[in-house]
Amino acid sequence: MEAATTPTTMTKAIPTLEVSDIQATVLRPRPSPYRGEYLIVRVDDALQGREMLRRVIPHVAPADNWWAPTLPGWLAIAFTFQGLKALGVPKASLDSFPQEFREGMAARASILNDIGNNAPSNWEYPFGTTDMHVALAVYAKDEQSLETVLERARLSRQDLPKISVIYRLKFSELPGGRNPFGFKDGLHNPHVEGSGEDVHPGYGPAIKAGEFVMGYPDELGETATSPEPEVLRRNGTFLAFRKFHTRVAAFRKYLREQASSPEEEELIAAKMVGRWRSGAPLVLAPTSDDPSLGADLDRNNAFNYEDDMKGLKCPFSAHIRRVSPRDALRNEIVAVNLHQFLRRGTNYGQPLPEGELEEDDAERGGVFLLIGAHLKQQFEFVQSQWVTNGDFINQGTEQDPMIGNSQVDRTFTIPKLPIRRRLHGLPQFVDVRGGEYCFMPGIRALKWLASLATENTVTK
Amino acid sequence: MATKTEATRETRTDSSAPGMRNQGLVSGQAHEFAIILPLKPGGGKRMRDRLTDSVTAGTQALDKMGTLHDLRFVLFDNDTRVIFASTYDGGFEQYIKDFATLVPDLIDNEFQDCEGYPGVRSPQIWNYIAQYQSEAIVFYSAYPNVTVKQVWKGQRVLKAFEELLDEASS
């Protein structure tokens, strides 16, 4: 699964966005190696909530100074609709937020195909409830630094009894920077115009900043006019928080059943993902893995689908070709840049031991922050159209082989000459454990929230 | 056959996430859309002349959308009003912004003679559609679960199969 880009050098390009006001998590990749923790907070008193916020703000990292060697780590903060309400944001402002954000992710389950195992009724607490108010992400380079930042977060709620931490999840990098399925992750993200980030070949043309941060023109030349007031939305954005559990043994077992050799297992796995385990893309390495290609940031994204329009190298249904089609839909009327988001992913849990084919009941998987200014046309579009539909690539109702959750026979089609191969009966490899839509404000907006007038307070 | 009472509907009221407010009736994954629009003075004739002249160009672009089963423009009331009616696949609505971005001229060419038409790129377009859209009372699709792309693919496969049979028997 594609997530944040691993940094190799500090950025040299000069940013034109207000990077000192935009949270680091929006524009910057997490460190590597990394460890950290997500905390979810419930606010039962608006005054105490704003006091906590006041104390936290100095530790929230902006995108201009997020990985200075002197800092032990960084902290990101975002609010659900219920959270903004609990902090006493005025009604006129609350009403100006987009509908999908106000409803929350659980209410969008039918659009997102969060059904069956993935239905909100199966989610972990507090996902899908009105208790989830504030989400904090703490990123650090080692355990000691993490404790330092967590201690700061703890002090911010000292003597505030109406502030409760209701959920915690530790995360850390798996060996080799792999995801639980064993694939190198964090390989690709869209290139945000004016962000000052490193650009490697294949990152595509820069996408207008307004697609990812409010306050700047987007791909349609429009600058966001809501939510109100302007001070709240400027340099803010939205994110879809998704927690996944990965069924690694089921994945390995299925590959074993479908293949007649270890090499064929690896090929089928790569066909499903669109890359080999090393990260080498199928388009550039169609027959076997090429670890040096996978590790080379200047080559592992330098591809498109122009010479693979029949999907013979990378199947139409492959995960990376679905969620980021690059030029694969060139013959259709599809404005691909309207449907991009930034992926900030982290892994949790221990890897399943190599060669193990039986489930061990351990929780392992990933948490993704899918970030963009237009939840509906970005996250919701990609999830409902490109992940859980196949019509756009002429594959009927076939879904994404890795993250789909079709309730009927799950298939995966591998184009091949003289005749395609279609796999049947794919078990579900990824379960949604929970999720929510959050608003991630800029630093000035955080200060505005912290200093809201008391008369707007909603008390319980 | 879907009727108004059994159709799935979603009310959308926010301005920040525009979409069709009245979804029309649904049969399987097929959707119906109908809108009755007043025409500017002389607009009926202009629309008739322009659309019949540009059928080929329009068809090519509509083919690329790959989600519209059919559409028609019917002038009535002495060319003072027009009915636009269409059947489309579920995905179509999701791509409206893409069409407005990539083929705005095609859409504006079709609707420019309608009274008050703000242009497909205008933020007012959704209010305009909501003002004039009329939901069907009955909607029938003979193949409610087959998309445009599946119909095309089926045709290609059938053609290839017939050719194979011809080759085998010659």
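A crossing of two helices counts as right-handed if the near helix is turned clockwise from the far one by less than a right angle, and as left-handed if anticlockwise. With that in hand, let's look at a helix pair in chain A of this predicted model.

Helix 9 (residues 248–258) and helix 10 (residues 262–273) of chain A have axes that come within 9 Å and cross at roughly 120°. Angles from 65 to 115 degrees count as roughly perpendicular and those over 145 as roughly antiparallel, and helix 9 of chain A and helix 10 of chain A are therefore oblique to each other. Their crossing is right-handed. Here is who meets whom:

| Helix of chain A | Residues making the contact |
|---|---|
| Helix 9 | A:L255, A:R256, A:Q258 |
| Helix 10 | A:E265, A:I268, A:A269 |

By class, this contact has three nonpolar, one polar and two charged residues.

Stepping back, chain A is divided into domain 1 (24–244 + 438–456) and domain 2 (247–341 + 371–434). Their centres, taken over C-alpha atoms, are separated by 28 Å. Domain 1 of chain A brings 46 residues to the contact, and domain 2 of chain A brings 37. On the domain 1 side, strand 5 (237–246) of chain A gives the most, with seven residues. By class, that side has 24 nonpolar, twelve polar and ten charged residues.

How far can you trust the model? The predictor gives the complex an ipTM of 0.81 and a pTM of 0.91. Chain B has a mean pLDDT of 86, with 87% of its residues at 70 or more. Residues 5–18 of chain B, however, stay under 50. Where pLDDT is low, the predicted coordinates should not be read in detail.

Key. Residues are numbered from 1 along each chain as its sequence is written. Chains are lettered from A and ligands numbered from 1 in the order in which they are written. This is a predicted model: local features need pLDDT of at least 70, side-chain atom pairs count only at pLDDT 80 or more; totals for chains, interfaces and linings use all residues. Domain bounds come from an automatic or database domain assignment. Two residues are in contact if their C-beta atoms, placed from the backbone, lie within 7 Å. Helices (H or I, at least four residues) and strands (E, at least two) are DSSP runs, numbered from the N terminus. Ala, Val, Leu, Ile, Met, Phe, Trp, Tyr, Cys and Pro count as nonpolar, Asp, Glu, Lys and Arg as charged, and the others, Gly among them, as polar. pLDDT is the predictor's confidence in each residue, from 0 to 100. Axes are lines fitted to C-alpha atoms, for helices over the stretch in contact, and angles run from 0 to 180 degrees between N-to-C directions. Angles under 35 degrees count as roughly parallel, over 145 as roughly antiparallel, 65 to 115 as roughly perpendicular and the rest as oblique.
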